[in-house]
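Subject: Structure handover

Hi,

Here is the structure I promised to pass on. Have a look at it first, and then read my notes below.

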Amino acid sequence: NKIDSELLVGVPLDSIFDVQGAKLIDGVYYSSESSVTITPKKTIIYNGETILENVSRADLFFDGEFHEAKLGLIKHPITIDKDTTITPLQIYSGNWFSCDSDAVMKIVFDTTAPVIGEINGLPGEDEYVNTNRTVSFTVTDELSGVDSVTATRSYGKISDEPVTVSSSNGSYSLSVEPVSGYTGDITYEITAIDHVGNSSTKEFTVQNDTVAPQLADGDAVIFSDNEDNFFRWLLNAISFGNWGNNEITVTVNAKDDGAGFGDSDIANATVEFVPENGKVGDTGNLKASASINTDGKAEIKIDTEELINKNEVFKGTVYITLSDKLGNPTEPILVTTTNSNILNGTDSIIMIESVKPTITITPSSISGKSYVNSENKTIYNGDASFTVNMNDQNSGLYSYAVTINGKAQNDKEVPELFPSEENIQDEGKPVYEETVSLTTENLTANEDGSFVVKVTVIDNSGNVNDETC
């Protein structure tokens with residue numbers, strides 16, 4: 001039969017042949033199968049136009065031999081099981097039609113998965129993160145080429161959450177975003193697939209920490225001075241202490257399941273004194289901070305002189321805030337009897353003050369006769385009486401002692417040791433003022449005829465004052 005050498009010129013081979021088990025990529029048929037079959041198409045269509053119909057045979061040349069691929073009642077495809085370059089010769093459809101003389105069909109078998117390169121930008125092995133990180137990597141495939149690169153992440157009860165992968169000029173990247181409210185591992189899995197379905201995966205793990213630290217169990221907040229326990233007295237659900245002349249230490253013990261503390265300028269504990277009717281963060285609140293060491297301990301030193309200058313009397317509550325080495329902050333934590341050595345006050349209210357109670361001793365003559373001598377001493381004709389007024393409008397009166405010429409007048413030569421169960425209080429409520437009257441009747445005067453009255457008073461915060469008349 002006559003051969004038509006013009007009809008199929010310029011018609012691409014994929015319009016003429018069915019290649020089963022392979023994928024045409026950039027003019028090459030790639031396959032990950034064990035073999036590929038080739039048959040001519042019964043109807044050849046190109047650019048929407050039917051070129052040939054009722055095709056029944058194709059002649060091809062490869063491996064130094066001629067081969068036939070037939071259609072019809074008995075289909076006889078050509079089977080290829082190795083890398084092969086085929087030259088199609090002619091197509092039969094009632095007449096022979098020559099294939100384009102420059103066209104070749106290249107079959108390449110690809111069973112090699114893409115290669116995912118080193119992942120750059122990962123945190124250190126023991127490093128926790130709570131901010132976005134971008135990691136980058138390469139993916140290469142020498143045969144059919146990279147078709148897709150995807151990623152997922154899994155953490156906690158979440159599995160295979162999709163992660164967006166970006167690409168630019170053959171380089172790939174993804175954002176490692178922190179998970180809110182979670183401490184633990186996040187496992188990322190990158191999957192690369194080539195054009196014939198070969199795939200490879202690579203995993204990496206990031207330690208996530210977006211959870212704030214906590215106070216340790218038990219008495220996590222300890223107020224102390226050189227006499228150990230700073231709060232020494234509880235009355236009317238208020239714990240009392242005084243600034244005194246000593247440095248106060250607030251020891252804070254914290255715990256953290258993630259990044260932890262130490263080796264960071266932002267792993268801190270802050271103590272804040274919030275007055276009654278005030279709010280956390282108000283300007284003027286007394287604040288002090290210290291770093292938390294690797295064991296979770298912070299010792300906050302409070303300059304009592306500075307604090308006294310700011311606020312000689314404090315009544316209110318105390319709050320602690322913590323941050324770990326990543327800066328994860330707590331909300332302000334109310335210091336209570338449960339988490340500190342504040343005494344058992346149900347309202348967590350404390351009073352700290354350094355104002356001494358006042359003492360006023362007013363003497364008078366029982367006979368009404370007296371005069372002031374040249375030494376500015378009052379001379380009485382006969383016995384004298386004394387009115388002693390003790391006043392503390394801050395924490396209230398705790399205990400007192402009055403002596404005349406060293407003899408106790410209220411069964412105490414010195415006030416009760418602080419603290420003590422014996423104190424001047426009214427059914428558990430603070431007493432802010434107390435007045436006692438004394439007389440020299442039945443007392444023995446000193447050799448010079450004088451009577452010396454000494455009064456010592458302690459308030460509920462432990463402040464001591466004494467006066468002598």
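Among contacts in the protein chain between residues at least 6 apart in sequence, what percentage join residues at least 24 apart? It comes to 66%, where contact means heavy atoms within 4.5 Å.

Before the rest, some ground rules. This is a predicted model, so to speak of local features I need pLDDT of at least 70, side-chain atom pairs count only at pLDDT 80 or more, and totals for chains, interfaces and linings use all residues. Residues are numbered from 1 along each chain as its sequence is written, and side-chain values use heavy atoms, with hydrogens and water left out.

**Overall make-up**

The protein chain has 1 helix and 45 strands. Both come from DSSP runs numbered from the N terminus: H or I over at least four residues for helices, E over at least two for strands. Of the 469 residues, 42% are buried, that is, under 20% relative accessible area with a 1.4 Å probe and protein chains only; exposed is over 50%, and partly exposed is in between.

**Cores**

In soluble globular proteins, nonpolar side chains tend to be buried together. The largest nonpolar core here has 29 residues, and F223, V252 and F273 touch the most other members. (A nonpolar core is a set of buried Ala, Val, Leu, Ile, Met, Phe, Trp, Tyr and Cys residues joined through side-chain atoms within 4.5 Å.) Two or more residues each come from β24 (221–225), β28 (248–255), β29 (268–275), β30 (286–291), β31 (297–302), β32 (313–322) and β34 (349–353). Leaving out residues up to four places away in sequence, V252 touches L215, A220, A269, G296, K297, A298, I300, I320 and L322. Another core, of 26 residues, lies apart from that one, and I44, V55, I80 and A103 are among its members.

In the loop between β1 (3–8) and β2 you'll find S15, which is buried at 11% relative accessibility. Neighbours within four places aside, S15 is in contact with K41, I44, I45 and Y46. S15 and Y46 are 31 residues apart along the chain, yet their C-alpha atoms are separated by 6.3 Å.

**The sheet β40-β39-β44-β45**

Here 4 strands form an open sheet in that order, again with antiparallel pairing. At the edges stand β40 (407–408) and β45 (464–468), each with a single partner strand, so one side of each is left without a neighbour in the sheet. β39 and β40 pair over 2 bridges, with I404 opposite K407. β44 (residues 453–459) and β45 are joined by 5 bridges, and V457 stands opposite N465. Their hairpin has 4 residues between the strands, and G462 takes a positive phi near 95° there.

What about S395? It sits in the loop between β38 (384–391) and β39 (397–404) and is buried, with a relative accessible area of 1%. Beyond four places in sequence, S395 is in contact with F240, M351, E353, P430, Y432, D459, N460 and S461. A polar atom of the S395 side chain lies 3.3 Å from the backbone nitrogen of S461.

**Around β22**

β22 (residues 199–209) runs antiparallel to β21 (residues 183–194), with 11 bridges, and D185 has Q207 as its bridge partner. β15 (residues 128–129) joins β22 in the parallel sense through 2 bridges, where V129 stands opposite N208. The hairpin of β21 and β22 has 4 residues between the strands, with G197 at a positive phi near 95°.

**Cysteines**

The count is 0 disulfides, taking a pair of cysteine sulfur atoms within 2.5 Å as one. C99 is buried at 7% relative accessible area, while C469 is partly exposed at 37%.

Cheers

Definitions and conventions:
A polar contact is a pair of N or O atoms within 3.5 Å; within protein, one must be able to donate a hydrogen and the other to accept it, and residues adjacent in sequence count only if both atoms are side-chain atoms. Two strands pair if DSSP finds at least two bridges between them.
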